[in-house]
Structure formats: C-alpha cells, structure tokens
Amino acid sequence: MLGPVILAASRSDKMRRCISAAPGTKQVVDRFIAGETVDQVVPIVEDAADKGLEVTLDVVGEDITTPAQAEAARDAYLELIERLKALDLGPRAEMSVKLSMFGQALEGGHELALANVRPVVEAAAAIGTTVTLDAEDHTTLDSMFAIHEELRKDFPQTGCVIQSYLFRTEDDARRLAAEGSRVRIVKGAYKEPASVAYQDKAEIDKAYVRITRILMEGEGYPMIGSHDPRLIAIAQELGRQAGRKLDEYEFQMLYGIRSDEHVRLAAEGHRMRVYTAYGTDWYGYFMRRLAEKPANLLFFGRSILTKG
C-alpha cells in the first residue's frame, strides 16, 4: 500500500527537497544510480562487459519545462554515445530514453520529442547499438508508440517498453510481437488509476505471464525486465515451450539489485542486460525504485537512522 504514496511523493517538490537533504540519502542513491557523469559510468560498462553482461544506459531526468532543456538531454545522450564509440563499447551498451526528457510534455511535444530523439537513435546505430523507448504513464503511450513506429522505418532495431499493469498491454503486445521488434516487458512503476490498470499485485503478475507468453510465441525479441525469481523461471519455461534459443531473448535487471543473479544468468548462457541509470536529476527514478519494492524503502529508512 506504500507504493502509491511514494509515487505521489515523486511529484512533490517539497518531498524532493526533504529527501535530497536527508543524511542517509546519498548512500541509498548510490546503490541505484551508477554516477553523475559519463566518466563515472564508463568504468561500470567496462566492468559489466568483463563479466559477460550487457547494459542499457539511462541519463536520468524527466522534469523538462523548456525546449532548451530537451535539447540538453539530447546532447547528454550524444556525448554518451561518443564515449562508447571511442572505447569500442557500442555492441555492449544500448540506450534507454524517456521521451518526457526530450520534450514530449511541452507544447508541440510529440514532434519535439521525435526531432530530439532521432539523432540519438541515428548516432546509436552508427556505433552498432540501439535505443529503447521507455514507457511512462498511460497518457504518454500513444505518442510513444507512434514515435517508436516512425523511428523503426529507418532504424528497425529501435525497442520499446510495455507494462503489465495496464489493461491495454496485452493488445499492445500482440501488435508489437512481430519480426524484428524488440520489446521489454516490465510490471510498471507509475501511479495509475483503477480505470486503466490492475491495482492488485497478483493480477499484475498474472498479466505479466500472459504478456510474456505472447512475446515468446511471437516473432520479435522479448526483453524480460524483472527481479522476481518466479517470473524469471516462468519466462525461461515459456521460452523453452516456444522453442527459443537462449540468445533469442534476454533478461534485464536494475543496476544495484540482485547483482549475483545478473552473473548467474549470464553464466547459464542467457543474455543479461543491466539497466544502468546515471546523472544528477535522480529523484524521480529513485522514488520509483523505492515504490517498486518495500525492502528498498526499509533499506533507505535504516540508512537515514544510521546517518542521522
């Protein structure tokens, strides 16, 4: 029941200031955020590659209020791509982007976001990698899917994310599970009303399994975003039932969570990708990580009490 409260707090400037100033915050943020700069995140990509892992990199920041900020977000990704190119890390690292960061919520936001994200997708393709469009709240999804479809005309490897807690997602999965598509399935981490989303965890999990089956039985490339051992085991079984080889789908987990499991799955021959966020505007991302799992909130509380 705490999840919706935490997600509401993620939109509060007052809570942002309070949590940012708390003495134990940095310790917990460092668990989920790989660093603030490209220089800090590149060694993490190199270390992951050495362990047989791949990464998807997210420059955090969603509260864009001007076109100039959206352009700065674009440039941050272009800088990242240049660093990956110089170190020949492109094939090990893709990018994840939130279109809100590219100006989607501004006036003329759909066209603005498309114009800003296209050069990032183009630059990623030039170094042998790709971009996945993250899903945000349900009001943004029609725009996100339209941009995804437009980008795939020139860059068919462009991926997108779907969320099992939304009623619409099974239909979205059937449409997206086509040859050449790349689709990440997650449970969902935004506060959504009961009119559009399941509210019960068991129902969300059941939908997750149904959607995973659709993706595994389709012709695209499923990306299983979960830390839940039961859902991971079910995904493996659904992959076997669909006749998929281990390199015909992948698992994705967050940086800082179940790191031993990252290595174990890679050692079994699975493709394992670590969702790695970095940057200074970490608050919204951090709050959703707390909302997703009560243990994260308990860890944060202990850290504050220890440091206070």
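Me: Which residues of the largest nonpolar core touch the most other members?

Reply: Within that core of 75 residues, the ones that touch the most other members are Tyr77, Leu84, Val117, Leu133 and Ile162. A nonpolar core is a set of buried Ala, Val, Leu, Ile, Met, Phe, Trp, Tyr and Cys residues joined through side-chain atoms within 4.5 Å. This is a predicted model, in which local features need pLDDT of at least 70 and side-chain atom pairs count only at pLDDT 80 or more, while totals for chains, interfaces and linings use all residues. Residues are numbered from 1 along each chain as its sequence is written, and side-chain values use heavy atoms, with hydrogens and water left out.

Me: What is Leu84 in contact with, leaving aside its neighbours within four places in sequence?

Reply: Contact means heavy atoms within 4.5 Å, and with those neighbours within four places set aside, Leu84 is in contact with Val45, Leu57, Leu89, Gly90, Ala93, Met95 and Ile127.

Me: Why is Glu94 called buried?

Reply: Buried means under 20% relative accessible area, exposed means over 50%, and partly exposed lies in between (1.4 Å probe, protein chains only). The relative accessible area of Glu94 is 1%, and therefore Glu94 counts as buried. Glu94 lies in strand S2, residues 93-97; helices (H or I, at least four residues) and strands (E, at least two) are DSSP runs, numbered from the N terminus.

Me: What makes the pairing of the side chains of Glu94 and Thr56 a polar contact?

Reply: A polar contact is a pair of N or O atoms within 3.5 Å; within protein, one must be able to donate a hydrogen and the other to accept it, and residues adjacent in sequence count only if both atoms are side-chain atoms. The side chains of Glu94 and Thr56 are joined at 3.2 Å, and the side chain of Glu94 also makes a polar contact of 2.3 Å with the side chain of Arg182.

Me: How do you know which side of helix H4 its buried residues line?

Reply: The buried residues of H4 (residues 38-50) are Val38, Val41, Val42, Ile44, Val45 and Ala48. Seen down the axis of H4, these residues fall within an arc of 165 degrees, so they line one face of the helix, the arc being that of the directions from the helix axis to the C-beta atoms. The face turned away from this buried side carries the exposed residues Asp39 and Asp50, whereas the buried residues pack against strand S1 (54-59), helix H5 (67-86), S2 and strand S8 (271-278).

Me: What makes Asp228 a cap of H10?

Reply: A side-chain oxygen of Asp228 lies 2.9 Å from the backbone nitrogen of Arg230, and Asp228 caps the N-terminal end of H10 in this way.

Me: Why is Leu53 called buried?

Reply: With a relative accessible area of 6%, Leu53 is buried, and it lies in the loop between H4 and S1. The C-alpha atoms of Leu53 and Val274 are separated by 7.2 Å, although the two residues are 221 residues apart along the chain.

Me: Where does pLDDT stay under 50?

Reply: That is the case over residues 299-308, pLDDT being the predictor's confidence in each residue, from 0 to 100. The mean pLDDT of the protein is 87, and 81% of its residues reach 70 or more.
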